Structure formats: C-alpha cells, structure tokens
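Subject: A structure for you to look at

Hello,

Here is the structure I promised to pass on. Have a look at it first, and then read on for what turned up.

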Amino acid sequence: MELTVWRTFVTVCRLGSLSAAAAELHHTQSAVSRQIAGLERRLATALIERHARGVRPTPAGEVFRRHAVATLDEADRAVRAVREVRDGAFDRPLAVGATPSLAAGIVPEAVRALREQAGSLRWSLLPGLSAPLHNRVIAGDLDLAVVTDAPPGLPHEPRVERRFLGLDEMVVALPVGHPRAGHGPVPLQALADQTWVEDEDGSAALRQHAARAGLTARIELAAADLLGKPALVATGHAIALIPGVPARALRTDVTTVGLVDPPTRGNYAVTPRRDPHPSAAPLLDHLAAAFAPSPPQPQPLPPPPADRKAAADRHT
C-alpha cells in the first residue's frame with residue numbers, strides 16, 4: 001500500500017473532515033475520497049463513517065489508524081536518519097522522559113555530567129508517569145525514559161531494553177518542626193494517628209505498607225501529583241509518603257524521616273531496541289552511577305600507642 005494513502009487517511013481521522021484534509025494536503029476533496037475508497041476496497045471493510053459534523057473512523061478504521069500512525073512515524077524517522085547521515089550533521093535532540101521524582105534531580109544531574117564529559121548536547125525532558133512514558137519509548141517519541149516499577153508495574157515489552165538502575169527507599173515527608181523530624185527511622189505505627197496526603201500514583205504503596213503493619217492509613221487529603229504533596233505537608237495539613245530520591249530537592253520547609261522496613265521501588269531506564277540515540281548509552285552509565293551507593297568514608301586511624309598514652313596523661 002502507498003504510504004501517501006495512509007497519510008491521507010490519518011489526516012482525515014485527525015481533522016474529522018474530507019474537505020479539511022484535502023485543504024491541508026493540497027488535494028481536491030474528490031481525490032481524498034478516491035484514496036479512502038481505494039483503501040477500503042483493499043481492506044474489504046469500511047474505515048470511516050459520516051456523522052452530522054463530518055467523518056470519524058469506524059472501529060476497524062480506528063485500529064488501522066493506530067497502526068498507520070506508528071508506521072508513518074517510523075517512516076519519517078527513517079527519512080530523517082538517512083538525511084542526517086548523508087549531510088554529516090547528526091544532531092537529533094535526546095528526548096528523555098522521567099517520573100516527577102526522578103525529573104526533579106537525578107536525571108538533570110546525570111545529563112549535566114554527560115555534557116561535562118562529552119560537550120554540547122541538545123536534549124529535552126518530559127516528566128510523566130511510568131506507564132505513559134514506557135509507551136512513548138515504544139512509539140518512538142522518547143529516546144530514553146527513567147521509570148519505576150511501582151504498581152501496576154512495568155509490562156514485558158520485547159521492543160525495548162530495560163536496565164535496572166537501583167532501589168529507592170521511600171521516606172515520610174514532614175513539616176519542619178514536626179515532633180518526629182530528625183528522629184528516625186521510625187516504625188509506621190508511630191505515625192498511626194497522622195493525617196496523610198496522597199496522589200493516585202503513590203497511594204497504593206502507602207496502603208500496602210500500612211496493611212502489612214496492621215494499620216489503616218488515614219488518607220484524608222489528595223494531591224494532583226507528587227509535586228503537590230509538599231505544599232500540604234509544609235503547611236501542616238498532612239504528612240506524605242514519597243520516594244527518597246527527590247528528598248534533596250524538597251522545599252526548605254519540608255523535611256523527611258526514614259521508616260523501619262520501608263517500602264521500596266525499583267528504578268529502570270527504558271530505551272528502544274531499534275535506532276537508539278548515540279547519547280543514550282553514555283547517559284545510562286551516568287544514571288547508574290547516580291543510583292550507586294556512596295562508598296564508605298575512610299575512618300581516621302587511631303594514634304600510635306605512645307600518642308594515646310600522652311593523650312591519656314593530659315586528661316588525668
């Protein structure tokens with residue numbers, strides 16, 4: 001099938017009008033109608049149906065549209081890649097996605113380390129939830145996504161590579177001056193009388209951890225996302241369970257306390273198996289280094305016996 005016809009069909013579905021698609025594609029309306037009719041004959045099924053305000057895809061048309069969009073995107077990427085190689089000017093921006101907790105600190109820091117090592121790099125950062133980011137890597141919209149296996153988890157997908165970066169222990173965000181601030185780690189039972197704020201993505205972890213402790217968390221406030229929690233915590237309305245990774249980027253009127261046997265989440269980098277960005281692999285190394293535990297600090301050696309005796313004599 002001609003990709004030109006596929007592009008015409010996708011444009012008709014997007015605009016919901018044969019005449020509008022014809023104008024955008026610089027065709028006549030009759031030419032657009034003939035292309036759609038030929039495609040329907042080839043597939044032996046109706047792909048669009050008319051309604052009061054124009055046209056819309058049939059159920060079969062919607063299935064075809066989704067596959068057509070993916071095929072056209074891949075074809076466009078292939079053309080761009082060939083032109084870049086031909087012109088010796090491969091400079092495709094690195095498109096990175098990350099969950100809000102990871103976009104708040106670790107990912108920008110890893111990109112900075114990469115730029116210091118490799119020089120100039122054009123890149124973009126898209127914060128989002130793990131499942132949509134995972135799907136955008138598959139669709140080719142992102143070159144790399146840093147996601148977590150928090151419920152509902154990550155699907156098995158043969159079209160992507162998945163690299164484990166490290167575990168993140170969740171912590172409790174408290175307002176500065178809270179009685180438990182600076183006294184951790186604490187068992188969850190010690191916070192049983194507290195009011196919690198949650199966002200949809202994080203509530204599952206809190207409920208599961210509370211259930212294991214034989215408690216029911218008092219989740220009485222809701223935030224739109226992870227970034228909305230600190231405002232309610234800072235003003236004393238509630239406390240919140242948050243990933244430990246972004247703790248360094250919290251506002252100054254919010255602090256954290258660790259939990260005994262805290263819930264954890266795995267952090268992963270997801271990249272496409274085909275047509276990887278040249279900068280994706282070195283960025284993965286910097287991300288892995290950011291999650292690596294800090295080496296233990298060397299302890300000062302004890303003074304020689306003679307020095308210890310002299311020190312003891314000075315204190316007697």
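A question to begin with: is Gln-35 buried or exposed? This is a predicted model, and in it Gln-35 has a relative accessible area of 17%. The cut-off for buried is under 20%, so Gln-35 counts as buried. You will find Gln-35 in helix α3, which spans residues 29–43. Leaving out residues up to four places away in sequence, Gln-35 touches Thr-4, Val-5, Thr-8 and His-27.

Next, please turn to helix α7, residues 130–139. Ser-130, Leu-133, His-134 and Val-137 are buried there. These four cover an arc of only 105 degrees around the axis, so they sit on the same side of α7. Among the elements covering the buried residues of α7 are β3 (94–98), β4 (123–127) and β11 (264–272). After α7 comes Gly-140, with a positive phi near 90 degrees.

Now for the cores. The largest nonpolar core has 22 residues, and Leu-102, Leu-144 and Leu-287 are among those with the most contacts inside it. Two or more residues each come from β3, α5 (100–103), α6 (106–118), β5 and α10 (280–291). Of these, α10 gives the most, with 6 residues. Leu-287 touches residues including Ile-106, Ala-110, Val-146 and Leu-165. Apart from this core lies another, of 18 residues, with Val-5, Cys-13, Ala-22 and Val-55 among them.

Enjoy exploring!

Best wishes

How values were computed. Residues numbered from 1 in each chain as written. Predicted model: local features only at pLDDT ≥ 70, side-chain atom pairs only at ≥ 80, totals over all residues. Heavy atoms only, no water. Buried < 20%, exposed > 50% of the residue type's maximum accessible area, 1.4 Å probe, protein only. Contact = heavy atoms within 4.5 Å. Arc of directions from axis to C-beta. Core = buried A, V, L, I, M, F, W, Y, C linked by side-chain atoms within 4.5 Å.
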